[in-house]
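Take a moment to turn the model around on your screen before reading on. The report below walks through a few of its helices, strands and single residues.

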Amino acid sequence: MAGLAISFGSGAMTNSINEIPNTKAMFVIGSNPTEAHPVIGTKMKQALAKGSKLIVVDPRYTNIAASADVWLRLRSGTDIALINGIMNIILANGWEDNAFIEARTEGFEETRKTIEKYTPELVSKITGVPVAQLEEAARLYATAERAEIFYTLGITEHVCGTDNVKSLANLAMLTGNLGKESSGVNPMRGQNNVQGACDMGALPNVYPGYQQVANPEMQAKFEAAWGVPLSPKNGFTIPDMFAAATSKNLRALYCMGEDPVITDADANHVRKGLLALDFLVVQEIFMSETAKLADVVLPGASYAEKTGTFSNTERRVQMVNQAIKPLGNARTDGDIICDLATRMGYPFVYQSSEEVMQEIAKLTPIFGGITHARLGTQGLQWPVPTAEHPGTKFLHEGKFSRGLGQFVAIDNQLPAELPDEEYPFLLNTGRKLSHYNVFTQHSPSLEIHSPEELAEINPADAKRLGLEVNEVVKVSSRRGEVNTKIKITERVPAGMVFMTFHYFDAATNELTNGAYDKVTKTYEYKVCGVKISKIS
């Protein structure tokens, strides 16, 4: 991760979406692209049609797992052991790329010592994946001329999410699958413009372009540009905010385009934190569950009502042009923020989003050559350091941003909460194709197509509990409980229940664990203990 800071630190894909059809092998782990990222899922299908091999790692039998050459049904939370085991097999067979390792990386020998501990037999015992499947996955990935790794929230939403990502970086460097076309490590962003928000500094530790707040040179540059003193201290992460609100160390919160009451783990704790605030402002296009708690609601404009840029998962900055004027009393986010800043004593005098882009280019090297005029209809992929630069199709060609890629020795780690006697089921969460996060419940047509939560449980568990298809059950954790209909399916293994987080009336995140990754503070949505009860 340290060696690939610009891509993994931001969560952007190292490579481009249109490179996918030409890859020779795809390693998809903790991701359900045909449902959660259907455009990329379609590109993967094109690669399969051209002969690419597919490895899928997921405890749930997803649609894309049905197309896999090998599907590894691992136990939830054992990703590090599995990746180490695959690297162990690669080394045992001499499939590593020694030239790449020697020329472009450091720390390999120390990492090798850790990898050697994870024999196929030990890893099979930890993960539940048969040795033969581990060996086949290692062979398909390591011997391919060009191989891509794809991951999403099934990797990051763990207490060891950062170490999961570092393990995948180790695997890519071990095989030399970085810095060239149709390879790389490719995290797929989960929401529209979440990449752009992070790129613009909507993170607690960086200015725009991932320039560190704690770096004195960066601090001085932005102080000179903005004419105000700036703190060198990192801000709160999301979990920090709710804890600080509860303890009265945070008194006010401005929430824009987010519905944490529904989307954040341990939702009852989130609600408690919001209610403890002295003042809550929500800027939104719907009256969300969070907006219902606000002291002030500022009506924002949708994507069709404003001009500016969005950035997608492949680092592509794209123009969004206003199609209609904001409806009712809605205003664009930029107009609201400019007026608010001016009323608070710091005039924001930007006349347009284009003017804002000009300031971004001036202060942020990876966007130095981007203007609205240059973006046209196709956009540009950062880094774009100069006005003549064509954009960057894939990252790390010839050299990593830190110089040498850093191997990191990582051992397997347990989730914060596993099933036990009181809560014997493992809850796993995700998305379904017909809905997108929570706001699509405002679409009548999608509601007709997919109107309610259907928690997936294995037939053996259903039989043991005496449950029928579409029966309403109560799912409980140490944090809350929800009622939901069930779907009985072999897609989930015995002992697991899978739920989405799309539905207000079955708010799955009232169940999920508020434990989080030690570095990113990302919640562990993917693993916690629950029990299922019949409703009399």
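In helix α15, which spans residues 267-276, the buried residues are A267, V270, G273, L274 and A276. An α-helix has 3.6 residues a turn, so residues three or four places apart point the same way. Among the elements that cover the buried residues of α15 are the helices α13 (238-246) and α14 (260-263), along with the strands β9 and β10.

Keep in mind that this is a predicted model. The mean pLDDT of the protein chain is 92, and 94% of its residues reach 70 or more. Residues 1-10 are another matter: there the pLDDT is below 50, although this stretch has 39 contacts in the model beyond near neighbours in sequence.

**An open sheet**

Two of the strands that cover α15 also belong to a sheet. Strands of a sheet pair through backbone hydrogen bonds, either parallel or antiparallel. Here 3 strands make up an open sheet in the order β9-β10-β11, and their pairing is parallel. At the edges lie β9 (252-256) and β11 (296-299), each of which pairs on one side only. From one strand to the next, the twist averages 15 degrees. Strand β10 covers residues 279-284 and is joined to β11 by 4 bridges in the parallel sense. Look for E284, which stands opposite P299 in β11.

**A strand that is wrapped up**

Now find strand β1, residues 25-29. How many of its residues are buried? The count is 5 of the 5, so β1 is largely enclosed by the rest of the structure. Both of its faces are covered: A25, F27 and I29 are buried on one side, and M26 and V28 are buried on the other. Strand β1 pairs in the parallel sense with β5 (residues 147-151) over 5 bridges, and A25 stands opposite A147 in β5. It also pairs in the parallel sense with β2 (residues 53-57) over 5 bridges. There, I29 has V57 as its bridge partner.

The table shows how accessible some single residues are.

| Residue | Relative accessibility | Class |
|---|---|---|
| N458 | 7% | buried |
| C255 | 8% | buried |
| C198 | 10% | buried |
| Q318 | 30% | partly exposed |

N458 sits in the loop between β17 (454-457) and α20 (459-465). A polar atom of its side chain lies 2.9 Å from the backbone oxygen of V492. Leaving aside neighbours within four places in sequence, N458 is in contact with I488, T489, E490, V492, P493, A494 and M496.

Q318 belongs to strand β13 (residues 316-320). Not counting residues up to four places away in sequence, Q318 touches G308, T309, F310, N312 and G379.

**Two cysteines apart**

A disulfide is a covalent bond between the sulfur atoms of two cysteines. How many disulfides does the structure hold? The number is 0. C198 is in no disulfide, and the nearest cysteine sulfur, that of C255, is 15 Å away.

Technical notes
Residues numbered from 1 in each chain as written. Predicted model: local features only at pLDDT ≥ 70, side-chain atom pairs only at ≥ 80, totals over all residues. Heavy atoms only, no water. Pairing = 2+ DSSP bridges. Axes fitted to C-alpha atoms, helices over the stretch in contact; angles between N-to-C directions. Buried < 20%, exposed > 50% of the residue type's maximum accessible area, 1.4 Å probe, protein only. Polar contact = N/O pair within 3.5 Å; in protein donor to acceptor, adjacent residues only side chain to side chain. Contact = heavy atoms within 4.5 Å. pLDDT = per-residue confidence, 0-100. Disulfide = S-S within 2.5 Å.
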